[in-house]
Amino acid sequence: MAAHLKKRVYEEFTKVVQPQEEIATKKLRLTKPSKSAALHIDLCKATSPADALQYLLQFARKPVEAESVEGVVRILLEHYYKENDPSVRLKIASLLGLLSKTAGFSPDCIMDDAINILQNEKSHQVLAQLLDTLLAIGTKLPENQAIQMRLVDVACKHLTDTSHGVRNKCLQLLGNLGSLEKSVTKDAEGLAARDVQKIIGDYFSDQDPRVRTAAIKAMLQLHERGLKLHQTIYNQACKLLSDDYEQVRSAAVQLIWVVSQLYPESIVPIPSSNEEIRLVDDAFGKICHMVSDGSWVVRVQAAKLLRKRTAHERAKELYSSGEFSSGRKWGDDAPKEEVDTGAVNLIESGACGAFVHGLEDEMYEVRIAAVEALCMLAQSSPSFAEKCLDFLVDMFNDEIEEVRLQSIHTMRKISNNITLREDQLDTVLAVLEDSSRDIREALHELLCCTNVSTKEGIHLALVELLKNLTKYPTDRDSIWKCLKFLGSRHPTLVLPLVPELLSTHPFFDTAEPDMDDPAYIAVLVLIFNAAKTCPTMPALFSDHTFRHYAYLRDSLSHLVPALRLPGRKLVSSAVSPSIIPQEDPSQQFLQQSLERVYSLQHLDPQGAQELLEFTIRDLQRLGELQSELAGVADFSATYLRCQLLLIKALQEKLWNVAAPLYLKQSDLASAAAKQIMEETYKMEFMYSGVENKQVVIIHHMRLQAKALQLIVTARTTRGLDPLFGMCEKFLQEVDFFQRYFIADLPHLQDSFVDKLLDLMPRLMTSKPAEVVKILQTMLRQSAFLHLPLPEQIHKASATIIEPAGESDNPLRFTSGLVVALDVDATLEHVQDPQNTVKVQVLYPDGQAQMIHPKPADFRNPGPGRHRLITQVYLSHTAWTEACQVEVRLLLAYNSSARIPKCPWMEGGEMSPQVETSIEGTIPFSKPVKVYIMPKPARR
Amino acid sequence: MPEIRVTPLGAGQDVGRSCILVSIAGKNVMLDCGMHMGFNDDRRFPDFSYITQNGRLTDFLDCVIISHFHLDHCGALPYFSEMVGYDGPIYMTHPTQAICPILLEDYRKIAVDKKGEANFFTSQMIKDCMKKVVAVHLHQTVQVDDELEIKAYYAGHVLGAAMFQIKVGSESVVYTGDYNMTPDRHLGAAWIDKCRPNLLITESTYATTIRDSKRCRERDFLKKVHETVERGGKVLIPVFALGRAQELCILLETFWERMNLKVPIYFSTGLTEKANHYYKLFIPWTNQKIRKTFVQRNMFEFKHIKAFDRAFADNPGPMVVFATPGMLHAGQSLQIFRKWAGNEKNMVIMPGYCVQGTVGHKILSGQRKLEMEGRQVLEVKMQVEYMSFSAHADAKGIMQLVGQAEPESVLLVHGEAKKMEFLKQKIEQELRVSCYMPANGETVTLPTSPSIPVGISLGLLKREMAQGLLPEAKKPRLLHGTLIMKDSNFRLVSSEQALKELGLAEHQLRFTCRVHLHDTRKEQETALRVYSHLKSVLKDHCVQHLPDGSVTVESVLLQAAAPSEDPGTKVLLVSWTYQDEELGSFLTSLLKKGLPQAPS
C-alpha cells in the first residue's frame, strides 16, 4: 500500500515539474476506464441474480478513483433499470450511496436518477436503501439548498409508506437535511416551506416503536444541526417516557434533556395541582424518575444525563421526602398521622433518591453511570460534594471492582472540595486492604489529595498505610509518594504526632531505627514533608533523624524536600525554592550555547567539531542538573550529535580516493549514517510535545543521513544494479519530503533539501553515479539548520519496577510450556502507549521476542504518566543451566502513520494492518535480567 | 358483567399465612398456602373450609400457585393437599420446588418432635404433596387448561421467588408474592413487563418505609459485628434458614476475607448446608456479579463459615452465629439467645421483620424483661440491634412496580392495616388506580370489561384505509361493515360479502324529501339553476345534469317538479340511499336555504 502510495505521489509530482513525463502517466490512465468497463462486462455476463450480486460484491471491495466514479455510477444505474431481482437492486442502491461518498466526486449529477428510480421502486427494502443513498448524497452537498429541499420533499412523500424501514430512513433524511431556518426555505423558490419539526413530531405517535425512535433521533439530529426545537415538543416527549419500548424511552429521555436545556426557565404546570415549576426542574424530576425504569438501557441513559445537569440546588432531592421513614430504626416506620398529601408528590417529582437508586442498581453499568453523574455534579458544587460523600464512600464497598475503582477516582477528582470526617476516612482506609493493586494505588492517589480534619485522622491514615506496606511490600513507592503529599498538606496536624511517630523520649535516648526499613522511611517522608512548612518541627528531631534526613535527601530526593535546619546551611542552595521560579540563568545558558552552535558554519571543520562536542557535553550536564530542562537539553544535544556525526563523516580525508581503496574508512561513515538515522527516530518519537517545526528538521537530518548512506554505498559497491534501486528510492524520499512539508519549505533556505530540490529535474534524469556526485557536493555545502525549540518537551522514559532483576532463584518451568512473568513498569511522557509500547524479551541465544501488551494493561494514573502492568509469557526449549533473559520495553514507531491518508483510501475499505504496522522500535528502558531455567520435560 | 373476585384467607391486612383466592373468568386459583408464625393453634393455617365445607377441594380449585419457599407462603401446603385433600396441580419455580420440602421438613420436626404436636402432617405427606408440583421456568407461559395460563416473573426476595401472572382470555391478575426492588449481594431486583393486568395483588410489608442506601446499612452491619467481635463479644444473628441468611453470609464472608479476620462464624442447622447446595446450583437466579464470577469461584462456597454445633454456644471468646428461626420464636436461635442474653458484651442483630407476639418483636420494642416458658423471667442485657435487611420492596419500590406493570387496580396484602391505609391513599392519589385492601375473609369484586377480538377482512380494511388519511395510532375511527357472529367468533366484513355469505338479497333503503323553492321559471331552468348552484358549492363531488332534467350528486337524485296549484313555487324532490345519508341531509339543508339569486 505504502509503495503504491509513494508511486502515486511521485507521479503527480513529476507531472507538475516535467511535461515530458506525462506520457508515462497517460499509460496508467489507459487502465482506468477499464474499471467501469469491466464491471459492465461482468454484469452483462451474469446469468442469474446471484451471479450479478457476486460481481457487485467483488467490485465493492476495490476502491474507485474519483474521476471514474461517474462512469461506474452510470453503468450501475443502467443495470438497475434492467434488474428484476430486488436483492441486486438493493446492492446497487447501496453501492450508489458508497460511491457518492467518494471524495472529489460531486454526486449532484446522479441525484435525478436516484429520485427517478425511487419513484418506480416497489420493494420496501430497496426503497429504504435508496433513501439511504439520497441521504449520503444530501450530506455530501450541504450547501445546495435546492437539492436539500427536493430531498426533504421526497422524504415527506414516502413517510406514509407502510414499511417501518422506509419511514425510518425518511425520518433520518428529514433529521439530517431538514431545512434549519424558515428564511432560507423561502429563498428556495417553488417549493413550499415545510415545518420539518411538525412533520417529525407527528411520527412520535407512529404505531411502530422503531419509527418512533427514529423520529426522536431525527429530532435530536435537528437539534445537533443547530435548529431550535419548539417547546411544544417537550410535552410530546414526556408522553413517550411511558412508552412500552425501551429504545423509545431511552431516546425520549435524551430529547427531554435537550429541550430542558433550551427552555430552562419556562414554566410548566404540575399535573394534578395548581403549582407550576421551571421546565428544567420538571425535566430533572422526570429524568430522575427514569433512573428507576424497568429497562437497564434506559436507566444507564438517564443516569448519564443526570450528570450533565448544571443546576445543583437539586442536591437536596437526594433525601427522601420527610414523610417516609428511613427504615433504619425499628419502629420508625409507623405512619405519621395526617400528612398534607398534596405537598409531597412522590412519583411525579421522582427525584427523591434517584442517585440512591442508581448507585444501588442491579447492573453495574448503571452504577458506574451514576457514580460518574455524582462526580460531575460534585465538581460543580461543593455543597453537593459534601453531601454525596457518604454515598461515594459507600461505593468503595461495591462488589464489582470497576465500580469501586471508578468511585475512588471520582472521589479524587472532587477531593479539593471536601474534607473527610474521621468515620469516612475510616471506611476509605479500610479499602487499603483490598487485594487488587489498582484499587490500592487509586486509593493512594486519592489520599495524596485528601483533606483530613484531625490529627487522629492523619495517624489513622499512617497506621493503615503502614499496615498496607507490610501486607503488600510492592506498594512501597506509591505509599511513600502518598505520605509525601499527606505530610505537606497537613503540617499542623502532623506536628503533635512527631514525638510519637519518631518514638522520642524527653529523657532517654531511644534506639536508632533501621534506616533501611521501608516503614521507617515512610514515617520520615511524612514528617520531613510536613516540616517543610512547619519550622518548629525540626526542634523535635533527635540527632539520628538529622543524619537520616541527610541520607534520604540524597537517596530519595524526589520524596524529601530541602529543609531549613537550625545550625545547618541548606544542602544545596541551587535547588532552594526561592531560586526555582527565576530559572532564567540556566535557561539563558541553554539558549546561549545553542546560539553559539549555530554560528559554526563559519568555523573551520576542526573548530566546529570541538564546539559541537563541548556544547553537547554542556547540554548533557545541564539536563542532569535541571530536571525541568532535561527534555530540551537532551533533545538539542541529540540533534547536535547528529550534526557532529555528519561533519565527522564528511571530514574523512579519503573521500576523493578511488572506490576500491576506500573500503576500510567507509565503515566509519556508514556507521555514522546509521547512527544518525537512529537518533532521528529517537528525536521524532521519543519526545512528547514535538511540533511540526521540529519534525521537518528531524526529517531533514534523516534525509541527509540517507544521502550519506547512498554515497557510501555507491563508493563501496561495484555494479550499478543495486544503486539504481537505491537512487530511485532516495529520490522518492525527497519527493515525499517535499510533498509532506511543502508548507515548511520556505524555512529551509540554503539547506540540503533546498538545494536538492533546485536540482531535482537534473537528478531525475541523471545516472546514479552522477546523482551520487551531486549529493556529495551538496552535503558538504549545505547549511546547518537551526532547530527551533518547542515549548514543552519531555523525553519518554520507562522504568521497569518488576521484575526487579535481583533474584538468584531461577524461574523454573518445563521447556516447551509457557511461564508467566509479571511485568510492572511506569512510563513517563509516552503518547498513545497502547499502540506504541511493546515488551521485548531477549534470550541468551540471541532470539528476540516482541510482546504486544493488551490495551487494558495500561493504566493512566495521572497526566503524562502511564503504568503498564502485564504478564509476559516466556517459553524456550530446554537449557542445561539457568540463564538470564533480558526484558526491556520498546517504543514502536511508524513514520508513515503521520502521513495523511489519501482521499480515496478513506472511503474504501482499508487494510487495518497499515495503521498498526511497526516500522521500527526504540528501546527506552533499562533492560532487566530475569533468571530462568527451562527444564526438559520428564517422561 | 364479568368480574374478578379476590378473597384473602390469610395475609389480608396481616403478615403471615399468605393465602389468597382469586376467581377470574370462572377459574379459581389459590395463591400461596402459608402458615402463621404467631400462632400455634388452628389459626396458624388458613381456613380452607371457606372454600368448601364438604367435598374435595380439587373440584373447586383449578390450580395452586406458590410464589416462594418461605413458610408463611408454603407452610400449609402438605396440610392442604394431603390432610384437607387437593389433587390438582401446584405450580412453583424450580428452586422453590427444590428447597420447599427441606423447610417443610424442618418445620414439621420442630412442631412434632420439639413441641410434640399430634395431628400434624408427616414426612410422607410432604413427599406426596411435592409430587403434585409442576415446576415452571421464568417467563414460561404454562397452560393450566385450555383457558387458564400462568407466567412467572423474577421477584428477587429469595432464591426462586417469582411473581405470577394469571391470565384467562384477556383478563389477567398479577400476584407478586414477596419481592424486592433493590438488588442485594446475591439476588437481582424484581422485574415485570408492561403487562397491564386488570388487578395487581402486591405485598405491602414496608408500605410506609422508604429505605436509605443499602450500602449504608451493610456498612453499619459490618461495623457493628466487627466492633463486638473485637471487644470479645458474641454476635447472634437470628435468620430464616434461607434467603437473608445467604446474603448476610456472603457479606460477612467477603468482609472476613478482606479484613483477614480469624473469629469463627458459625451457621446453625444442617439444613443450611443442604440449602446452600441448591444456591450453588441455581446460579442463573442470582445477581449479575455472582452470575459473572461463578466460573472462577462460586460465591456460595464459603471459606470462613462453618457448621454450628450446640456445644459451641458455651465456648469462650468471640464468635458470630447465624441461627434459625429469624423471629426468635423457637428453635436454636431462641436457645442461644437465652444463653447469651445476660452479657452486655454480646449483641443480637435482628436482620428482618418480626411478627407480633414473637420474642424478636418484644425485644425490638424495647422490652428488657421477658417472660419465658415455665414462668421464668429472662433479663436481656445484651445489645439489641435492628438492621432492616429483609428483602421486601419499600413504598417506592411498590409504587415503582405498580408503575411498571400499569394495572387497572391494585390490591394490597401481606402488611399491617394501618400502613396499608397510608399506601392505598398514596397509590390512589399518585398513580390514579383504584386500590383495595381486604381483610381476611373479605371479598373484593372487580367488574371487568373484557375486550372481544373481532376479525376483519383484509379487503375491507384496505378499502377503508384507502378512503381515509393515515390511521392514527391512538384515535378511534369510524368504519362501515357488517359484524357476523358465527361459532363464537366475530368477524367484520363488508356488507356485500356478508350478504353473499348469508345468502341474502340486498334491500335498498332510500330517503326522499321535498324541498319547496320559490322560483317562477320552468322546471328545467330550475333544475339547471340547482345544478349550477350545487356545482359551485360541492367542488369535490361529482355533480351531473342528466338529459331527463334531473340532477345527481353522487347517488343522490334531485328532480324539480312544478306543483299545479302554485306556479311561483317549485318542488324539488331529493332522494338518497341510506349509505349517503350524510350527503343527502347536507343537500336538503343546503337547498332549504334557497338558491342564490340568479345573476341574470
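**Figure 1. Chain B at a glance.** In chain B, 70% of the contacts between residues at least 6 apart in sequence join residues at least 24 apart. Contact means heavy atoms within 4.5 Å. This is a predicted model, in which local features need pLDDT of at least 70, side-chain atom pairs count only at pLDDT 80 or more, and totals for chains, interfaces and linings use all residues. Residues are numbered from 1 along each chain as its sequence is written, chains are lettered from A and ligands numbered from 1 in the order in which they are written, and side-chain values use heavy atoms, with hydrogens and water left out. The average pLDDT of chain B is 85, and 96% of its residues score at least 70. pLDDT is the predictor's confidence in each residue, from 0 to 100. For the complex, the predictor gives an ipTM of 0.71 and a pTM of 0.68. Chain B has 16 helices and 30 strands. Helices (H or I, at least four residues) and strands (E, at least two) are DSSP runs, numbered from the N terminus. Of its 600 residues, 55% count as buried. Buried means under 20% relative accessible area, exposed over 50%, and partly exposed in between (1.4 Å probe, protein chains only).

**Figure 2. A five-stranded antiparallel sheet in chain B.** The sheet is open, and its strand order is β26-β30-β29-β28-β27. Two strands pair if DSSP finds at least two bridges between them. The edges are β26 (510-518) and β27 (543-545) of chain B; each has a single partner strand, so one side of each is left without a neighbour in the sheet. On average, neighbouring strands are turned by 20° against each other, direction ignored. Axes are lines fitted to C-alpha atoms, for helices over the stretch in contact, and angles run from 0 to 180 degrees between N-to-C directions. β26(B) is joined to β30 (residues 569-577) of chain B by nine bridges, and the two run antiparallel. H516(B) has V571(B) in β30(B) as its bridge partner.

**Figure 3. Two helices on the five-stranded sheet.** Helix α15 (residues 523-537) of chain B touches β26, β27, β28 (551-553), β29 (556-561) and β30 of chain B. Its direction makes about 160° with that of β27(B). Helix α16 (residues 581-592) of chain B packs on the sheet too, touching β26, β28, β29 and β30 of chain B. The direction of α16(B) makes about 170° with that of β30(B).

**Figure 4. A seven-stranded mixed sheet in chain B.** This open sheet runs in the order β7-β8-β9-β10-β11-β20-β21. Its edges are β7 (141-143) and β21 (434-436) of chain B; each has a single partner strand, so one side of each lacks a neighbour in the sheet. The twist averages 20° from one strand to the next. Three bridges join β10 (residues 171-175) of chain B to β11 (residues 199-203) of chain B, and these strands run parallel. Y175(B) stands opposite I201(B) in β11(B). Helix α11 (residues 395-405) of chain B packs on the sheet and touches β9 (162-168), β11 and β20 (409-413) of chain B. Its direction makes about 160° with that of β11(B). Helix α12 (residues 417-430) of chain B touches β20 and β21 of chain B, with its direction at about 165° to that of β20(B).

Figure 5. Over all chains, the count comes to 25 aromatic pairs. Rings of Phe, Tyr and Trp (its six-membered ring) pair if their centres lie within 6.5 Å; planes under 30 degrees apart count as stacked, over 60 as edge-to-face and the rest as tilted. The ring centres of F685(A) and Y893(A) are 4.8 Å apart and their planes are at 15°, so the pair is stacked. This pair links distant parts of the chain: F685(A) is in helix α33 (residues 663-685) of chain A and Y893(A) in strand β14 (residues 883-893) of chain A, 208 residues apart. Both F685(A) and Y893(A) are buried. Y278(B) and F282(B) are stacked because their ring centres are 6.5 Å apart and their planes at 25°. Y278(B) is partly exposed at 24% relative accessibility, whereas F282(B) is buried at 17%. One aromatic cluster is formed by F45(B), F48(B), Y79(B), F80(B), Y86(B), Y107(B), F120(B) and F121(B).

**Figure 6. Charges over rings in chain A.** A charge sits over a ring if NZ of Lys or CZ of Arg is within 6 Å of the ring centre and within 35 degrees of the ring normal. K484(A) lies over the face of F485(A), 5.4 Å from the ring centre. R702(A) lies over the face of Y681(A), at 3.8 Å from the ring centre.
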